[in-house]
Amino acid sequence: MPKMKRNVKFTEEKCLMCHQCQRNDKGEVVRCTRCKRKRYCLFCLKSWYPEWKHADVAEACPVCRGNCNCKACMRSDAHIKKLKKDVADKRYEGNEANLSKYVLIRLIPYVRRLNEEQMIELGIEAKRQGLSLSELNIQKAEYSRRKHVSCDNCKTSIFDYHRSCRKCSFHLCLTCCHELRDGQLLGGADPVELGFIKCSLEYLHGGKEKEPEIHESPADAEPDIRGWSRSGWHAESDGSIPCPKINDECCHGFLELKSIFGQAFISELVYKAEELAKAYTLQNAIETPDNLCSCLKISRNTDVRNNIRKAASREVSSDNWLYCPRAVDLRPVDLKHFQCHWNKGEPVIVSNVLECTSGLSWEPLVMWRAFRQITNTKHGQHLDVKVLDCLDWCEKEINIHQFFVGYTNGRYDWLNWPQILKLKDWPPSNFIEERLPRHCAEFISSLPFKGYTDPLRGALNLAAINPTALYPKADMGPKTCIAYGVSQELGRGDSVTKLHCGMSDAVNVLTHIANVELCHKNLTAIDKLKLKHLEQDKRELLRDDQDGESNVPSSSSSTVDGLSYGSELKDDEKVKMKQENSMSVGEDASDGALWDIFRRQDVPKLQEYLKKHFREFRHVHCRPVKQVIHPIHDQTMYLTLEHKRKLKEEYVVYFLAGIEPWTFIQKLGDAVLIPAGCPYQVRNLKSCIMVALDFVSPENVGECFCLTEEFRTLPINHTSSKDKLEVKKMTVLAMSTMVKKNGESKFSECELQALCASIARC
């Protein structure tokens with residue numbers, strides 16, 4: 001007993017062993033007064049906890065607060081289990097039954113639409129065989145539930161009915177079948193030339209091309225070999241479709257109609273869902289009346305007030321302000337308020353989400369050490385990574401430690417121009433939970449409105465509702481994006497995420513920022529090189545104009561790559577641009593990234609503008625964009641301040657307010673929720689670590705359907721042509737889960753056949 005007492009006293013008062021580095025030779029330590037067992041040396045506190053005051057550590061050490069980033073704690077799963085439990089407690093917020101009813105009602109129109117497509121195909125097959133619908137028997141395809149089945153023509157995921165060759169492995173989706181019979185096969189367009197001309201280093205900063213031109217294909221392009229020809233392929237007069245493959249095993253056999261779930265599965269699902277809907281009193285579960293939203297009842301004297309943030313200045317518009325609550329203030333009743341805005345297709349910004357977590361450090365070196373510790377024991381070291389240079393949009397290899405040093409201190413090229421490097425999906429999203437388990441759990445615990453965003457069991461997240469034990473799950477993240485940034489708009493090479501449209505809804509959390517100050521020589525180099533860029537832009541656009549390939553305006557004031565030359569701006573326009581410039585400077589210590597999100601209704605005119613001005617943008621090897629397959633899905637353009645001004649001006653005739661995006665600055669700890677179907681772009685004002693997660697909300701299933709249809713019409717070697725989301729299968733599985741959860745009745749075989757016939761007649 002006396003010896004034990006001496007040991008306790010020694011631990012609490014005399015021991016100098018630092019919990020972080022496990023050394024006792026670094027001098028003075030700060031002791032925790034809460035647990036009285038942990039202590040940290042001053043050197044480790046400065047290196048690994050720079051924001052902490054010694055008094056805070058003494059009051060409660062990082063171990064007591066649950067955010068210690070030492071090697072032992074980063075390997076421990078005790079904190080991970082606690083975070084997962086906290087997430088589970090907030091998942092349904094005591095309203096699981098109503099949420100499941102809400103999902104069921106929302107999905108009925110889309111499952112009904114899928115059923116109608118199948119019934120049309122059943123009618124064609126019955127007529128071809130000379131049978132009634134009740135006599136028709138469709139063969140069930142024998143595929144493993146874990147196997148991904150896609151259309152061999154358009155690459156769209158096949159979820160149930162499809163046509164398949166008996167002799168070879170050729171599959172055709174119903175949409176392609178319908179288009180083929182109509183004589184207009186839009187899906188799976190033939191591959192296009194995607195090569196880019198390699199350039200010299202001098203060319204990147206305004207020099208003339210000296211080296212011979214070498215054509216290269218982009219690294220992320222899909223294979224452009226189809227393996228069979230669509231030439232002469234057509235449907236027969238009775239609706240039957242021959243197999244287009246010609247080889248030793250298959251000689252134009254006809255494609256047979258098959259089902260994966262079963263002949264009457266979707267029809268039965270629709271009937272059960274509609275019967276359940278009739279039995280529910282869902283008025284409160286579905287409607288989100290405007291009186292729940294007080295955002296319009298505001299004073300417009302300030303830009304941020306009452307949980308809102310001004311993001312646009314459209315005239316005669318009620319959606320210039322975005323809903324922006326604080327995470328710590330959110331209550332279960334705020335879900336209805338969120339749905340008010342989400343139903344309208346408006347993005348939502350939730351601030352201070354990191355205050356709802358344990359406070360684990362997102363410092364780059366902390367992440368790197370945690371990753372290295374796990375990989376050393378399981379996967380070997382990964383010291384070299386591939387990064388994207390945003391100037392020439394080419395991949396380069398760099399040591400991960402050097403990349404993180406540049407993240408904090410800045411990195412410059414041979415002419416002192418800031419390098420904007422982007423490390424995407426590190427570690428890969430399918431390994432992030434394994435290789436950065438603490439950070440992954442911390443991110444999930446930070447997410448707002450967990451009914452939508454929880455990737456594991458979110459009640460309103462279709463991607464989480466699916467029975468993943470039986471069916472493969474789409475890669476929805478989380479995914480990290482670690483990239484450099486500077487506050488000044490460079491006009492070339494400073495866009496981190498070019499204009500694009502995600503395949504689903506998404507939430508993006510800014511977890512860390514680092515401000516890199518540009519010194520005098522860098523600022524001088526930027527001003528000098530911008531003039532060279534401008535001369536190069538004018539020279540190349542003039543050459544294209546003479547070749548008849550460009551539609552550059554003939555006025556004395558024009559814009560190239562976002563930079564304006566000429567002096568015909570009106571005074572009020574100059575003032576407005578100056579105000580916008582000041583907004584994007586990022587002078588606030590918490591400012592991180594500048595976002596532009598476009599409204600869905602503005603997409604057609606936005607595409608029209610991009611098709612008209614595409615030669616004013618640069619992409620791979622810093623070459624001007626020479627062709628447009630799809631102006632948004634190509635992901636080759638970033639609209640600068642000048643381009644956004646021109647966009648609004650050109651369409652003010654068609655729209656009273658013109659075309660203007662929601663523009664706002666994402667601050668440290670902000671979670672941005674982006675609805676499906678809204679194109680967006682991001683420019684870092686500082687070095688940023690962002691973590692993003694995709695999800696599928698019941699309100700935006702229709703937008704995901706539309707995007708899937710757009711992707712399937714792209715050339716087969718386009719980077720966006722593959723159906724990675726499988727939203728139709730996701731919708732069917734989610735509806736099946738909701739029907740089982742809310743109660744179901746069994747039907748006899750005769751009732752099911754009568755049901756199919758009645759739906760077919762409708």
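# Group meeting: a walk through the predicted model

Let's start with a pair of charges: Asp596 and Lys644 form a salt bridge through their side chains, at 2.9 Å from N to O. By salt bridge I mean a side-chain nitrogen of Lys or Arg within 4 Å of a carboxyl oxygen of Asp or Glu. Asp596 sits in strand β21 (residues 591-597) and Lys644 in helix α22, so this pair ties together parts that are 48 residues apart in sequence. Helices (H or I, at least four residues) and strands (E, at least two) are DSSP runs, numbered from the N terminus. Both Asp596 and Lys644 are buried. Buried is under 20% relative accessible area, exposed is over 50%, and partly exposed is in between, with a 1.4 Å probe and protein chains only.

A word on where this comes from. This is a predicted model, where local features need pLDDT of at least 70 and side-chain atom pairs count only at pLDDT 80 or more, while totals for chains, interfaces and linings use all residues. Residues are numbered from 1 along each chain as its sequence is written, and side-chain values use heavy atoms, with hydrogens and water left out.

Now the overall picture. The protein has 762 residues, and 54% of them count as buried. There are 25 helices and 25 strands. If you take contacts (heavy atoms within 4.5 Å), then among those with a separation of 6 or more, 75% come from residues 24 or more positions apart. The protein exposes about 35,100 Å², and carbon and sulfur atoms supply 50% of that. Those areas come from the Shrake-Rupley method with a 1.4 Å probe; for residues, only the protein chains shown count as cover.

Back to salt bridges. How many are there in the whole structure? The search finds 36. As a reminder, side chains of opposite charge can pair when their charged atoms come close. One of them is Arg492 with Asp537, again 2.9 Å from N to O. Arg492 is in the loop between β16 (479-483) and β17, and Asp537 is in helix α19 (residues 520-546), so that pair ties together parts 45 residues apart in sequence. Both Arg492 and Asp537 are buried. Then there is Asp190 with Arg230, at 3.9 Å, N to O. That one links distant parts of the chain, 40 residues apart: Asp190 is in the loop between α8 (174-182) and β6 (196-197), and Arg230 is in the loop between β7 (215-216) and β8 (256-259). Asp190 is partly exposed, at 47% relative accessible area.

Next, helix α22, which runs over residues 641-650 and holds His643. Is His643 buried or exposed? Buried, with a relative accessible area of 0%. The side chain of His643 makes a polar contact of 2.7 Å with that of Tyr609. Polar contact here means a pair of N or O atoms within 3.5 Å; within protein, one must be able to donate a hydrogen and the other to accept it, and residues adjacent in sequence count only if both atoms are side-chain atoms.

Tyr609 takes us to helix α21 (residues 603-613), where the buried residues include Tyr609, Gln607 and His613. The cover over the buried residues of α21 includes β17 (497-500) and α22. Gln607 is buried at 17% relative accessible area. Leaving aside residues up to four places away in sequence, Gln607 touches His630, Pro631 and Ile632.

Cys32 is buried, with 4% relative accessible area. Cys68 is in no disulfide either, and the nearest cysteine sulfur, that of Cys70, is 3.6 Å away. Cys68 is buried too, at 0%. Across the structure, the count of disulfides (pairs of cysteine sulfur atoms within 2.5 Å) is zero.

Last stop, two leucines. Leu668 is in the loop between β22 (662-667) and β23 (671-674), and at 35% relative accessibility, Leu668 counts as partly exposed. Beyond residues up to four places away in sequence, Leu668 touches Leu354, Leu510, Thr511, His512, Ile513 and Ser590. Leu415 is in the loop between α14 (400-409) and β15 (421-424), and is partly exposed at 33%.

That's the tour, and I'm happy to take questions.
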